[in-house]
Amino acid sequence: GETQALQITLKKGSGDSQFTIESKDQTDGTWRRHAEGKLCPPSRERKTYDLPALLEAFHTHPKITGVETSGGYITTGARWNNIKELRVGEEECLVHVGLSDAYREEAAEYHYHPAMLDNAVNIAIRSIDDQLYLPFYYQEIRVYGRIPADIYSVVRRQDSGQGHQTATFDIDILNPAGEVLAEIEGYTIKQVQAWKSAGMYYAKDWIVQDGTAFPDVDREISRETVAVFTGEGEIADRLLEQIRSQYGQVIEISGGEWHSREDYQPWLERLQAGKVGTVIHLAGLSEREIETKADLDEAGERGFYSLYSLLDGLFVQRSSGDLKLILVCDEANQVTGEEAGLHPHHGCLLGLGKVAREEFPQVHIRLVDVDRLTPPDRIVNEFSLREAPYQVAYRNGQRYVERLKEAPLEPDEGHPGLQEGGVYVITGGTGGLGLEIGKQMSRMSRVKLHLIGRRELPAREHWAEIVAAGAGEQRVRQIAAIQEMERNGAEVQL
Ligand SMILES: NC(=O)c1ccc[n+]([C@@H]2O[C@H](COP(=O)([O-])OP(=O)(O)OC[C@H]3O[C@@H](n4cnc5c(N)ncnc54)[C@H](OP(=O)(O)O)[C@@H]3O)[C@@H](O)[C@H]2O)c1
């Protein structure tokens, strides 16, 4: 039911002409470019085919005849029901496309009937797999004549495309006499994520993944030298004991000892010289519960900052070879809901480790979130796995991995939601997300919003002048958003 404005622009040059295809964006009125290309006279002789021989060489493919042609993802009208036959050969296929009786006359109105050309080239899409592919790129199309109501299309895959999200084809379109009407070279289709109506929201979930099957445990660990940043308390002690009994040689470093890149330098050199392949970071473990800010700072020093300094040291030692770095923390995540107590401050260690994985490709960082009910040998076995997700958790002896599960977010009747006249403080409220949230809240209720940022906004009496002058895109956006909130009935304080 929507009307879209589309424009095709042709720019004539002396030899070649350029064309662009654009549609108008309904929100801001700008033209969006969808395709561009160059037009020129064909530079080579067209091929010819012996169609009867070709038909003979290929065998018919019963599955596709008469079925929906777009893989079930795109709904098309009756004109698209034009695939009369599909024949497949060794590495190519031959499709017979013909308009049905009701639409045959239309062929005369077009040089290239859209529904016919679409199926003649996009049969390629059907030949790949069940994913949704969309047309992406034509390297070259050589056009020799208009197409009649019946055509044949020979589709040949150009690339092996294994493991890629694109596939490239060469396509020849013939008339029933075997004359080539168009040659398409390098037609590429690209896989896209199929849109689904479900699955708008997702939540983190933990599932049990069998901890008994460790097919790829590195059996060599009994000879390996490992470095351990020691922690405090029962879990740390039991794990250290287990590490001592399983690994060949253990270099122990007291967790709280070093605080800077310089502190780590001699140790990292020793690590390199001693061919230490694994570092186990138990320093974040302690028995102490966090009750004060000083406790939190201290836990940060042991966990996050010791990892930070270690990574900082590694940063200047980039030449060091592959290193496995295992971070251990206790009850950082709510996995079963039966944790004795949660330790969300480990989130800093978890986050830093995750980012460091991207920064240090030669350091294989993993995090294991443990509890005191899991036998230490299980946990230490986990350290030697070669292939495992970044984060796993052990609770009550069982191994858990994370996954995303669909979260149905229904409105909660019992929850009052936004209160009319209520005061809401949005920290970072003058930033990109803050302004959007403020606008949305103002649409939902007449609220009082306090938007907090670092930099002061200019006084209101200057706003009109700033907007008129278009002075600073960000400023103008902030002012427009605040004015929208106020138009919606919100009181906004900055
Ligand atoms: N945008 C996204 O797609 C996205 C996605 C995921 C997560 N996030 C996270 O969500 C947060 C907000 O994102 P955003 O895109 O809205 O960022 P943004 O446009 O940079 O806005 C940040 C806001 O925070 C304020 N701010 C920064 N440091 C502050 C401080 N020390 N004290 C008080 N206010 C301070 C800024 O004020 P001034 O402008 O006055 O400095 C600004 O209002 C960020 O933490 C971001 O990493 C964003």
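Visitor: Which element gives the largest share of the lining of the largest pocket, and how many residues is that?

Guide: Strand E7, with nine residues. This is a predicted model, where local features need pLDDT of at least 70, side-chain atom pairs count only at pLDDT 80 or more, and totals for chains, interfaces and linings use all residues. Residues are numbered from 1 along each chain as its sequence is written, and side-chain values use heavy atoms, with hydrogens and water left out.

Visitor: How many residues line the largest pocket, and which lie nearest its centre?

Guide: Start with the idea. Rolling a probe the size of a water molecule over the atoms shows where empty space is left. On a 1 Å grid over the protein atoms alone, a pocket is an open set of points with protein on both sides within 12 Å along at least five of seven lines; lining residues have an atom within 4 Å of a point. Here 31 residues line the largest pocket, and Phe19, Leu39, Tyr138, Glu140 and Ile141 lie nearest its centre. Its volume is about 1400 Å³, counted as the space filled by probe spheres set on the points, with points joined across faces, edges and corners. Elements giving two or more residues to this lining include strand E2 (17-24), helix H2 (114-126) and strand E7 (132-143). Helices (H or I, at least four residues) and strands (E, at least two) are DSSP runs, numbered from the N terminus.

Visitor: What is the volume of the largest cavity?

Guide: A cavity is a set of grid points where a 1.4 Å probe fits but cannot get out. The largest cavity has a volume of about 50 Å³. Its lining is Ile235, Arg238, Leu239, Asp371, Arg372, Thr374, Pro376 and Ile379. Helix H3 (234-246) and helix H7 (376-383) each give two or more of these residues. H3 gives the most, three.

Visitor: How are the rings of Tyr138 and Tyr187 placed?

Guide: A pair of aromatic rings is described by the distance of the centres and the angle of the planes. Rings of Phe, Tyr and Trp (its six-membered ring) pair if their centres lie within 6.5 Å; planes under 30 degrees apart count as stacked, over 60 as edge-to-face and the rest as tilted. The structure holds three aromatic pairs. The centres of Tyr138 and Tyr187 are 4.5 Å apart and the planes are at 25 degrees, so this pair is stacked. Tyr138 is in strand E7 and Tyr187 in strand E10, 49 residues apart.

Visitor: Which residues are around the ligand?

Guide: A residue counts if one of its heavy atoms lies within 4 Å. Around the ligand are Gly428, Thr430, Gly431, Gly432, Leu433, Gly453, Arg454 and Arg455. A polar backbone atom of Gly431 is 3.0 Å from a ligand oxygen. For Arg454, a polar backbone atom is 2.8 Å from a ligand oxygen.

Key:
A polar contact is a pair of N or O atoms within 3.5 Å; within protein, one must be able to donate a hydrogen and the other to accept it, and residues adjacent in sequence count only if both atoms are side-chain atoms.
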